[in-house]
Amino acid sequence: MSRTAPGEIQLLQDSGWSQLLGKLTRGRILGEPLTKRVEAEESPLLGVLHQSVEKGPFPLQSPGILVKLQVMMEAGSLPLELWRMILGYLPLPDLGRCSLVCRAWYELILSLDRTRWRQLYLGYTKCRHPNWPNQPDVEPESWREAFKQHYLASKMWTKNAAILETSVCFSLFRRRRTRRTLSVGPGHEFHSLGSALAMSSLFDRILLFPGLHEEQGEIILKVPVEIVGHGKLGEVALLASIDQQCSTTRLCNLVFMPAWFSPFMFKTTSGHVQFDNCNFENGHIQVHGPGTCQVKFCTFKNTHVFLHNVPLCVLENCEFVGSENNSVTVEGHPSSENNWAYTHLLGLIRSSPSVLPTEDSDSLMSLDLESRDQAWSPRTCGIVIEGSQSPTSPATGSPKAGSQEAEVGSDGERVARTPDSSDGGLSSSGEDEDEDQLTYRLSYQVQGPRPVLGGSFLGPPLPGASIQLPSCLVLNSLHQELQKDREAMALASSVQGCLIRKCLFRDGKGGVFVCSYGRAKMEGNIFRNLTYAVRCIHNSKVRCIHNNKIIMLRNHIHHCRASGIFLRLEGGGLIAGNNIYDNAEAGVDIRKKSNPLILCNQIHHGLRSGIVVLGNGKGIIRNNQIFSNKEAGIYILYHGNPVVSRNHIFKGSAAGIAVNENGRGLITENVIRENQWGGVDIRRGGLPILRSNLICFGYSDGVVVGDEGKGLLEGNTIYANKGCGVWMMSSSLPHVTSNHVSYNGLYGVAVFSQKDGSGESPGGHVAHENFGEDGDATWETELEKDDDLLRRPITAALVESNTVNHNGASGVYVQSSEVLHVITNVIHANGDRGITVAQNSQLTCVANNSISCNHQSGVKVEAQCKVEFRGNGIYDNRGHGIITKGDSTVIENDIIGNWGSGLQLLPTSDTKVIKNRIHSFRAYGIAVQGHAKALLQENTVFQGKTNRTIFQQISNNQECIMQNNKFLVFKKKSDTWRLANPPARPHLENSLRGPSAAHSGQEVTAMATRITAHVEGGYHSKRSILCTIL
């Protein structure tokens, strides 16, 4: 394409091209047809343009429109680039006329967005960059659209519908082009603003020339006028106190400072005021409803904007700097009485670009909780024992020397020396086994409950592998969440009260303060280096159905010296899509019955917690990313009761979620991972419902239920944490049910009873939690009633219907002094024993569990412990089936295929063994050592290998009583025996499953104490690893 020199442009201008365009566009605007007479008179090029008009306009925004236009215009011997250069010299009115010629010309005018439209916008001294003050280096999507929005806003103040009603013909004069301009300044018509206002008429313009204009008395605006500073911003300063009593006014390009007699620079009670491109310094602006205001491209230095009962106010592209108190205060419910400007402001807001997400809606991810809700089925074994039945007397002796024998440990527990067997169930035999001996192995299939989550959480964690989340736990976008939640969408789209958009609040005390049932909406703002960004409080003693409402969309809140967002006394609203980080206190602080919706935010790198909910605070916390905070990602205490769902809480320096001091809450479907302390920490009366969460890859325990902690843990996947899966105190009476606890570094479930702190942290210092200005230690309201049917009192700690597998130590470890029930669990392939009862003077009930393939014994009971085993299936463990030193009752269990003895009774034990079926793969069915006290009654004991005795008694023990037992030995391989009546255990008909929860919380009168870290190596003793409460 050829280029045209500047001299040729001048030649084109001199030759009448500008007049040609003027005639062409005037003819189009006035409805005059482009006749052949005009074509012949002006230029052959108009013939081409006429043909384009006669053929009809091209489709708007057609991809090929400029190509067609280029062909048409080059047919007239003028390239398209030259047309752009010509149009680039036209003023704004002529550009508008040219865009009305046809669709092709409209597209041509639009193509000048980065050239002529940009030049027009930046050349207008009374408006700043469209993205000022937050992103002045980023160009807008369209300079033309930005110029259009500014132009419409600058004319809005004249659209006074009330004045139109005064006269039928007034509309002919209201926008007259000959309105007067009154000049104020040295050497001009008027020497002061007051004298000019005395001579002004409706909609006159008062032009203040450069200099300092100081008014000695209050200025009262009685007629609508426009007050404009001449020159660049900063050249005209006005020291005045203005009271607007007219319906509308506009002030532009001025520097406002308060007069000596009043701190108020401007106030109005009923009219509409518009500020454009102004600076305000060290004063106050006050707007009372039904008055309205529109403020754009203004700077407020240590200036307070007070809005009381305002139905609608717009603060856009403004900067607030160095405030000594609140920068903006929104007080009172929006007035139901609206002035003339309300409708026009509302239309202007809706026509301007919004920060709401507009991307195409993807298919919404449904919550696939089928696996969680599926009926639980226990692990069962199809067991076939071959041979013939022959009653025999118990015999004493030693195993055959040539057989593969299990090694006896220091505590009398046998551990097989053979290589690891697979989890499937078939155990390998020793290489030195005699070929003439028959070995009867077990063949069973693992049929445990399906875990809550599948995929990568079924197998061992792979080093360096990324976490593949199921679809039900993938975060939705803000657009998807708003599409799903109609109430949230309505709230995000609503406009009432004060709209603050694309503003910068920095280097001061307060940002926005909403109180006494005020309403405010904040979009796309930046709050930085403040004491606090946003506070939402109502302190009225009069009850009202309208609570405080704030709507915060896609703001940046960072480096605040206190909390970023603070809600108290029934504050509420929508907090969505914000980036909240590096604040000294909580990112979001919810107190005293406040109930916001916190949606799709990023809350991270805070010096304290991400979100704090306390003092009967509520709220819905959903679909947020909360990470890298120095304290708990979410901290719930003092009867806080939020709903926490579908969040990702990760890489925190403390717990993922901490529930303390009678905190409550429903915590469901969250991903809690890679936190330094417990994934969830529940203590001191905490009473949450923890359901269907993924708690994984933590550097300590998955879930900690500490001193006086309570709650329901249901349907969670607790995976690959370096400490225990669940660490709890039985005195807290937690209910742990239907969880999948796997591949944790230490115990799957550890139960303790001793207090885990003596009042000093390992570091020797005490740090008390501080929650801001309240200083409240006792909250005045009682814990609210909850209708959740899952919350029924229980009288014992309950570990029920869980899958506990592949953990580094014992599946369940008990060191307690309270009653404990371990019922209908699957305890499989753990690195130590299946269940270890190390200490418990009260009864531990172990019923209807499947305990299989653990690397040592299925169950071990230490001395002075009371345990009842009933209805369990204990299969294929690499040590003994059950080894006991304590007081045990073993009734109706299947103890089959273990590598050591089926039942090992050590000298200090007192055991009743009744109606069990016992089989050992290599060793004895029952081994009684020393002077163990035992009652063996109505048991069936199978021989595991030919030429191996079934029963072993080391010494002549008179306290071992045997009654009506059956001992089965094998004679020929063709004989077959099956465990058919009853079938292989465990069975569920007598299980104690059912909904339950913990007790109600108690009133708390002491403040929470800071959680501190304590690093310990090795296994747990009496406290949770890395987790201690002072």
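Tutor: Let's begin with helix 9, residues 113-122, where Asp-113, Arg-116, Trp-117, Leu-120 and Tyr-121 are buried (under 20% relative accessible area with a 1.4 Å probe, protein chains only; over 50% is exposed, and in between is partly exposed). Look down the axis of helix 9 and those buried residues fall within an arc of 135°, so they line one face of the helix. The arc is taken from the directions between the helix axis and the C-beta atoms.

Keep in mind that this is a predicted model, where local features need pLDDT of at least 70 and side-chain atom pairs pLDDT 80 or more, while totals for chains, interfaces and linings use all residues. Residues are numbered from 1 along each chain as its sequence is written, and side-chain values use heavy atoms, leaving out hydrogens and water.

So what sits over that face of helix 9? The cover includes helix 6 (80-87), helix 7 (92-98), helix 8 (103-110) and helix 10 (143-156). Helices (H or I, at least four residues) and strands (E, at least two) are DSSP runs, numbered from the N terminus.

Now hop over to strand 17, residues 312-316, where 5 of 5 residues are buried. Leu-312, Val-314 and Glu-316 point one way, whereas Cys-313 and Leu-315 point the other. In a regular strand the side chains alternate between the two faces of the sheet. Strand 17 runs parallel to strand 14 (residues 292-296), joined to it by 4 bridges (pairing takes at least two DSSP bridges). It also runs parallel to strand 23 (residues 497-501), this time with 5 bridges. Follow Cys-313 and you'll meet both neighbours: Cys-313 is the bridge partner of Cys-293, and Cys-498 in strand 23 is the bridge partner of Cys-313.

Next, the rings. The whole structure has 16 aromatic pairs (Phe, Tyr or six-membered Trp rings with centres within 6.5 Å; planes under 30 degrees apart are stacked, over 60 edge-to-face, the rest tilted). Phe-280 and Phe-300 have ring centres 4.9 Å apart and planes at 5°, so this pair is stacked. The two come from distant parts of the chain, with Phe-280 in strand 12 (residues 279-281) and Phe-300 in strand 15 (residues 299-301), 20 residues apart. Both Phe-280 and Phe-300 are buried. Another stacked pair is Phe-627 with Phe-650, at 4.9 Å centre to centre and 10° between the planes. Phe-627 is in strand 37 (residues 625-627) and Phe-650 in strand 40 (residues 648-650), so this pair ties together parts 23 residues apart in sequence. Phe-627 and Phe-650 are both buried too. Back at Phe-280 and Phe-300, ring pairs link them into a cluster with Phe-256, Phe-266, Phe-275, Phe-320, Phe-505 and Phe-527.

Let's finish with two loop residues. Pro-470 lies between strand 22 (414-415) and helix 16 (478-484), and its 23% relative accessibility makes it partly exposed. Phe-457 is 13 residues from Pro-470 in sequence and 9.9 Å away in space, C-alpha to C-alpha. Ser-732 lies in the loop between strand 50 (726-729) and strand 51 (735-737), but Ser-732 is buried, with a relative accessible area of 2%. Leaving aside residues up to four places away in sequence, Ser-732 touches Val-705, Gly-706, Asp-707, Glu-708, Gly-709 and Lys-710 (a contact being heavy atoms within 4.5 Å).
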